[in-house]
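Let's go through this model by asking what stands behind the labels.

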Amino acid sequence: MPESTAPQPGANACEPPSGERADPLARLQTVRLARKTQSLDTLYQVAISLSQPGSLEQILGAFLDTLVELLGARAASVRLATEEGHTRLVASRGLAPEVVERDHLMAAGACLCGWASSDGSLRVQSGTASCAALIGRPMLEPDCAELVAVPVRYQERILGAYHLFLDQKLAAMGEDIPDLLVSVGRHLGLALEKARLEGEARRLAILEERNIIGAELHDSLAQSLIGMRLQVVMLSESLARGDLGAVQYEAKSLHRAMTQAHNDLRDLLTNYRLKIDDAGLAQTVANLVERFSRETGIAVFFQNECRSLALTPAQETQVYFIIQEALTNIRRHSGARNVRIMLDSEGDLYALLIEDDGLGMSAMPQGLEGEHAGLAIMRQRAERLPGQLVIESEPGEGTRIVLIFNAPGPGAPTAAAAR
């Protein structure tokens, strides 16, 4: 007969052995750990999709693709709140084109989607019958089990909501899922705010660039046109008097003014069609110097003392434009025979030197008001690096321009990179 096992002293005969008691608890902890790991992995994959470069449409598309795949949703969408009290559909996956068209704009208080955007709480409803009644056709065929609306937040602001059309109930997906969805909403809100700020920075950069173009047009073409208008008046008066000598003189002057205006326009178009050479800033500047010397007869010596240039594309563009503007001023006003350009660096500190042996200036203007537009443009570009621009000049002693700026390198946030 099998031996009976007597309970140990002090043990409760009604309790199961300790190993049997621990097994359910261990299994529960293992399940919870697996769910947390899965939630973190989902959050990581979503964060990666939101950090990819591209337009807002591309970012939202990648976000929804990732969410649909990871959570097994049949469809998903993102709606943003408008200032007029509506929610606007900005991205979707799995919805028919006719549904997208009819559901494009909705009053915020009309449905579940708007409620999540208004009060900032996660909302769940069974199926989409109420949505179908609003748009006049089914959202999905067959209908989903649950529609989940999750607020999209940036700090304390509610930007809108994203929606999941699920074929299973949210409660069956695990107790961690609601918190995960709310965290995803905060990640999406951060990405949307980042895209908004980048768009605003681009808009401001375009406005600043237009101001600079306007200043250059005023300094070159506008003044040339005013001069030519006066010369046409004088030419007409000479013709009326029958003074052929004066007519020839005014005609030659008008021809020179038109040639100068044509050159100014060509320089302006070259300036604003700039594309940094694939070989980098140094080679692009070398090409500029060679072309400038050939066209003007002024000897230009370019020294690149940098072992490597760790500038962002925006920084390279600003440095190039400063050199371009300095050479334009030298051609127009200096009477110089020689120019030296030197680019040097020590660590993340860069220095640009541009000096000529021309006529110089009798007095250096202070600030932008009344200043030659070319100098104003260079100062504005230096501020956008950001950097410091120093201009030194004396009559008969030429002009010396020094630009000093820091460039932490690609990947570090800079004002220039934002523009």
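Q: Which residues lie nearest the centre of the largest cavity, and how many line it?
A: R79, D103, C113, C131 and M139 lie nearest the centre, and the lining has 15 residues. Lining residues have an atom within 4 Å of a cavity point, and those points sit on a 1 Å grid over the protein atoms alone, where a 1.4 Å probe fits but cannot get out. By the way, this is a predicted model: local features need pLDDT of at least 70, side-chain atom pairs pLDDT 80 or more, while totals for chains, interfaces and linings use all residues. Residues are numbered from 1 along each chain as its sequence is written, and side-chain values use heavy atoms, with hydrogens and water left out.

Q: What makes up the lining of the largest cavity by class?
A: Eleven nonpolar, two polar and two charged residues.

Q: Why are β3 and β4 called edge strands?
A: Strands pair if DSSP finds at least two bridges between them, and strands themselves are DSSP runs (E, at least two residues; helices are H or I, at least four). The order is β3-β2-β1-β6-β5-β4, an open antiparallel sheet; β3 (105–107) and β4 (123–126) each pair on one side only.

Q: How do you know that β4 pairs with β5?
A: Four bridges join them, and the definition asks for at least two, so they pair.

Note on methods
On a 1 Å grid over the protein atoms alone, a cavity is a set of points where a 1.4 Å probe fits but cannot get out, and a pocket is an open set with protein on both sides within 12 Å along at least five of seven lines; lining residues have an atom within 4 Å of a point. Ala, Val, Leu, Ile, Met, Phe, Trp, Tyr, Cys and Pro count as nonpolar, Asp, Glu, Lys and Arg as charged, and the others, Gly among them, as polar.
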